[in-house]
Amino acid sequence: MEENFHQRADKHFEGPLPLKDQDVSFPDNKKLALKRLFCLKRRFAYDLKFRDDYNKFMTDSMNKGYAERVPEDELNMDDGKVWFVPHHGVYHAKKGKIRVVYDCSAEYQGFSLNSKLLQGPDYVNNLVGIITRFRKDKVAVSCDIQEMFNQVVVSKEHRNLLRFLWWENNDTSTEPVQYRMTTHLFGAVSSPACAMYALNATAEKYAWKHGKEAADFVRSSFYVDDGLVSVPDADTAVRIAQDTINLCA
């Protein structure tokens, strides 16, 4: 990550997948992904709300650039650097909002994507410490980073390990098409460390521009994508909130 991590022109950070072995050769697991996709299709037939919510999520992912269609000249790659990740949908218990989870632990011939990825160091701040410090002052500031894992881009050379099957225009009557994620997955064992690495890099890089207070908030008072801090007064709360938004933008 230290050698290859960099910031793009669009300000998103980009880096490789932290593979345990850069020379690993994956088997062709497309049949597993197809089997899981058709299980999903059967559920769509009787659970229309689930189908509509799933379709909307996938459409949003494509429109935001989190996923892309696999280029024609890469469809038939057989170099052992292709892996299909099955996916399924889960609803948030309180928000009722669907999230598509990519099953990076799905095994095929003894392989899974997660088994070949480094988890990375634990960059997550201590939750007890965050909550304890939160009780210090009178005014609360809380926030979260929207779709945090998707804000960190995966290098092009590793995107074919993040392929998945879906239907063009969400039309399940057609043959599935090969897509691939361009960003880190919700479900990959490496995603939390990679996302926190990017968040900390953002704080380090832009502290001079948006203030040490905002940078310290990001570095020490975020638990993955959730930030929580208390300050003495409302003016300070407004300032730190705005500075943090600008720092992360």
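Colleague: In which loop is Glu147 found?
Modeller: Good place to start, and please keep in mind that this is a predicted model. Look at the two strands on either side of Glu147, which are strand 6 (139-144) and strand 7 (152-154). Glu147 is found in the loop between strand 6 and strand 7.

Colleague: Is Glu147 buried, partly exposed or exposed?
Modeller: Buried would need a relative accessible area under 20%, and exposed would need over 50%. Glu147 has a relative accessibility of 28%, so Glu147 counts as partly exposed.

Colleague: Let's turn to a helix. How far apart are the end C-alpha atoms of helix 1?
Modeller: Helix 1 covers residues 30-46, which makes 17 residues. At 1.5 Å a residue, helix 1 should span 24 Å. The model agrees with that, because the end C-alpha atoms of helix 1 are 25 Å apart.

Colleague: Within what arc do the buried residues of helix 1 fall?
Modeller: The buried residues of helix 1 are Leu32, Ala33, Leu37, Leu40 and Phe44. An α-helix has 3.6 residues a turn, so residues three or four places apart point the same way. Seen down the axis of helix 1, the buried residues line one face, because they fall within an arc of 130°.

Colleague: Which residues are exposed on the other side of helix 1?
Modeller: The buried residues of helix 1 pack against helix 2 (48-63), strand 4 (87-91) and strand 8 (163-166). On the other side of helix 1, the exposed residues are Lys31, Lys35, Arg42, Ala45 and Tyr46.

Colleague: How are helix 1 and helix 2 placed relative to each other?
Modeller: Their axes come within 5 Å and cross at roughly 120°. Angles of 65 to 115 degrees would count as roughly perpendicular, and over 145 as roughly antiparallel. Helix 1 and helix 2 are therefore oblique.

Colleague: Which residues of helix 2 make the contact with helix 1?
Modeller: Start from the helix 1 side, where Leu40, Arg43, Phe44, Ala45 and Tyr46 take part. Facing them in helix 2 are Leu48, Phe50, Arg51 and Tyr54.

Colleague: Now for the open sheet of three strands: which are its edge strands?
Modeller: The order in this sheet is 3-9-8, with antiparallel pairing. An edge strand pairs on one side only, and that leaves strand 3 (67-69) and strand 8.

Colleague: What is the bridge partner of Glu68 in strand 9?
Modeller: Strand 3 and strand 9 (residues 177-181) pair in the antiparallel sense over three bridges. In strand 9, the partner of Glu68 is Arg180.

Colleague: One last stop: which residues are in contact with Pro232, leaving aside its neighbours within four places in sequence?
Modeller: Pro232 lies in the loop between strand 11 (226-231) and helix 6 (234-248). Pro232 is partly exposed, because its relative accessible area is 49%. Beyond those neighbours, Pro232 touches Asp137, Lys138 and Val139.

Definitions and conventions. Residues numbered from 1 in each chain as written. Predicted model: local features only at pLDDT ≥ 70, side-chain atom pairs only at ≥ 80, totals over all residues. Heavy atoms only, no water. Helix = DSSP H or I, 4+ residues; strand = E, 2+ residues; numbered from the N terminus. Buried < 20%, exposed > 50% of the residue type's maximum accessible area, 1.4 Å probe, protein only. Contact = heavy atoms within 4.5 Å. Expected span 1.5 Å × (residues − 1). Arc of directions from axis to C-beta. Pairing = 2+ DSSP bridges. Axes fitted to C-alpha atoms, helices over the stretch in contact; angles between N-to-C directions. Parallel < 35°, antiparallel > 145°, perpendicular 65-115°, else oblique.
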